[in-house]
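Please work through the exercises below with the sequence and the structure open beside you. Each exercise sets a task and is followed by a solution in steps.

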Amino acid sequence: MTIRESLGMISQPYQLYVERSDTLKNMARYYAMDISATLFGQPCLTRRWGRIGSRGQSKLHIFESEQEAVSLFLDILRQKRGRGYRPTGREH
């Protein structure tokens, strides 16, 4: 275990914000994710989603290793891209 791992620091920032809109279907959705450390130093993937402009919903996933969190992050990213979600160029 490295010093960085023992301090509960994430090796690099993982953040994503994507949107999917279709005016014909009255669809305006967002999906956001980030990986950070909990107070106890465990990697935590936070997911947020909902209608653009709303608070939406959220879910936390806590892992034993950063690698597990990154793996789920990338799996969800591939899934969202396949469903038509795209980056907006805006930070949220």
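## Exercise 1: Aromatic pairs

Tyrosine 31 is buried, with a relative accessible area of 4%. The model is a predicted one, and the task here is to find which ring partners tyrosine 85 and to say what kind of pair results.

Solution. Begin with a search of the whole structure, which returns four aromatic pairs. One of them is formed by tyrosine 17 and tyrosine 30, whose rings are stacked, at 6.1 Å centre to centre and with 15 degrees between the planes. Since tyrosine 17 belongs to strand S1 and tyrosine 30 to strand S2, this pair ties together parts that are 13 residues apart in sequence. Tyrosine 17 and tyrosine 30 are both buried.

Turn next to tyrosine 31 and tyrosine 85, whose ring centres are 6.4 Å apart and whose planes stand at 70 degrees, so the pair is edge-to-face; the cut-off that this step needs is an angle over 60 degrees. Because tyrosine 31 sits in strand S2 and tyrosine 85 in the loop between H2 and S5, the pair ties together parts that are 54 residues apart in sequence. Tyrosine 85 is buried too, with a relative accessible area of 7%. Finally, ring pairs link Tyr31, Trp49 and Tyr85 into a cluster.

## Exercise 2: The sheet and its edges

Work out in what order the strands of the sheet lie, and explain why one side of S4 and of S5 has no neighbour in the sheet.

Solution. Start from the sequence, along which the chain follows the pattern α-β-β-β-β-α-β, giving two helices and five strands. The five strands make an open sheet in the order S4-S3-S2-S1-S5, and their pairing is antiparallel. Strand S4 (57-62) and strand S5 (86-87) stand at the edges with a single partner strand each, which means that one side of each is left without a neighbour in the sheet.

Now look at how S4 is held to its partner: six bridges join S4 to strand S3 (residues 43-51), and the two run antiparallel. Within this pairing, tryptophan 49 stands opposite glutamine 57, while cysteine 44 has isoleucine 62 as its bridge partner. S3 and S4 form a hairpin with five residues between them, and glycine 53 in the turn has a positive phi of about 95 degrees.

## Exercise 3: Aspartate 34

Decide whether aspartate 34 is buried or exposed, and identify the side chain with which the side chain of aspartate 34 makes a polar contact.

Solution. First locate aspartate 34, which is in strand S2. Its relative accessible area is 16%, and therefore aspartate 34 is buried, the cut-off being under 20%. The polar contact joins the side chain of aspartate 34 to the side chain of arginine 48, at 3.2 Å. When residues up to four places away in sequence are not counted, the residues that aspartate 34 touches include Tyr14, Cys44, Leu45 and Phe73.

To set this residue against the whole chain, note that buried residues make up 33% of the 92 residues. The accessible surface of the chain comes to about 6700 Å², and 50% of that belongs to carbon and sulfur atoms.

Note on methods:
Residues numbered from 1 in each chain as written. Predicted model: local features only at pLDDT ≥ 70, side-chain atom pairs only at ≥ 80, totals over all residues. Heavy atoms only, no water. Pairing = 2+ DSSP bridges. Helix = DSSP H or I, 4+ residues; strand = E, 2+ residues; numbered from the N terminus. Buried < 20%, exposed > 50% of the residue type's maximum accessible area, 1.4 Å probe, protein only. Areas by Shrake-Rupley, 256 points an atom, 1.4 Å probe, with all protein chains shown as cover. Phe/Tyr/Trp six-rings, centres within 6.5 Å; stacked < 30°, edge-to-face > 60°. Polar contact = N/O pair within 3.5 Å; in protein donor to acceptor, adjacent residues only side chain to side chain. Contact = heavy atoms within 4.5 Å.
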